[in-house]
Amino acid sequence: MQQEEMASLTEVLAYMMPRTYEAPMPTEWVNIYTWLGLQYAGQFKNTDQLDAMKEIAPKALSEYEMGLLNNLRRWIYDKRRKALKDKLKSAEKSEVKILPENQKELF
């Protein structure tokens, strides 16, 4: 079975961070965001941050919240892949335009 491609939990945490400054979020997104913070703190062994996150973050996400998180992870991954493909296409077009001009100078 092929593993589904998704953004990492850290990428999702970084993506969500600016949104937390805009306006209050629905409860399920607050749970997802704080749970992601708990995972991040645990991964990087930041004891002070981990202790603080354990007080506010849920220990587990509901099935619904996990579905929302996984949908966001897929969406971020897809957008990142599309941006990379677009960047590579524009770089290839630039090379095609530059190449004939350089060839004139060489020959």
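This talk describes the helices, cores and side-chain pairs of one predicted protein model.

The model is predicted, so local features need pLDDT of at least 70 and side-chain atom pairs count only at pLDDT 80 or more, while totals for chains, interfaces and linings use all residues. Residues are numbered from 1 along each chain as its sequence is written, and side-chain values use heavy atoms, with hydrogens and water left out.

I begin with the overall layout. The protein has four helices and zero strands, where helices are DSSP runs of H or I with at least four residues, strands are runs of E with at least two, and both are numbered from the N terminus. The order of elements from the N terminus is α-α-α-α. The accessible surface, computed by the Shrake-Rupley method with a 1.4 Å probe and, for residues, with only the protein chains shown as cover, comes to about 8,500 Å². Carbon and sulfur atoms account for 56% of that surface. Of the 107 residues, 24% are buried; buried means under 20% relative accessible area, exposed means over 50%, and partly exposed lies in between, again with a 1.4 Å probe and protein chains only. Taking contact as heavy atoms within 4.5 Å, 64% of the contacts between residues at least 6 apart in sequence join residues at least 24 apart.

Next, the interior. A nonpolar core is a set of buried Ala, Val, Leu, Ile, Met, Phe, Trp, Tyr and Cys residues joined through side-chain atoms within 4.5 Å. The largest such core has 14 residues, and V12, M16, I32, L36 and L69 have the most contacts inside it. At least two residues of this core come from each of helix 1 (9–16), helix 2 (27–43) and helix 4 (63–106). Apart from this core lies another, of five residues, among them A41, L50, M53 and A57.

Which residues does I32 contact, leaving aside its neighbours within four places in sequence? They are M16, L61, E65, L68 and L69.

Helix 2 also supplies a check on geometry. The expected span is 1.5 Å times one less than the number of residues; the 17 residues of helix 2 should therefore span 24 Å, and its end C-alpha atoms are 24 Å apart, which agrees. Its buried residues are I32, Y33, T34, W35, L36, G37, L38 and A41. After helix 2 comes K45, with a positive phi near 55 degrees.

L50 belongs to helix 3 (residues 47–56). Beyond its neighbours within four places in sequence, L50 is in contact with L38, A41 and G42.

I turn now to side-chain pairs. Rings of Phe, Tyr and Trp (its six-membered ring) pair if their centres lie within 6.5 Å; planes under 30 degrees apart count as stacked, over 60 as edge-to-face and the rest as tilted. The count comes to one aromatic pair. Y15 and W75 form this edge-to-face pair, with 5.6 Å centre to centre and 65 degrees between the planes. Y15 lies in helix 1 and W75 in helix 4, so the pair ties together parts 60 residues apart in sequence.

Finally, the structure holds two salt bridges, each defined by a side-chain nitrogen of Lys or Arg within 4 Å of a carboxyl oxygen of Asp or Glu. R80 and E11 meet at 3.0 Å, N to O; R80 is in helix 4 and E11 in helix 1, 69 residues apart. D86 and K82 form the other, with their closest N and O atoms 2.9 Å apart. Both D86 and K82 lie in helix 4, four residues apart, about one turn of the helix.
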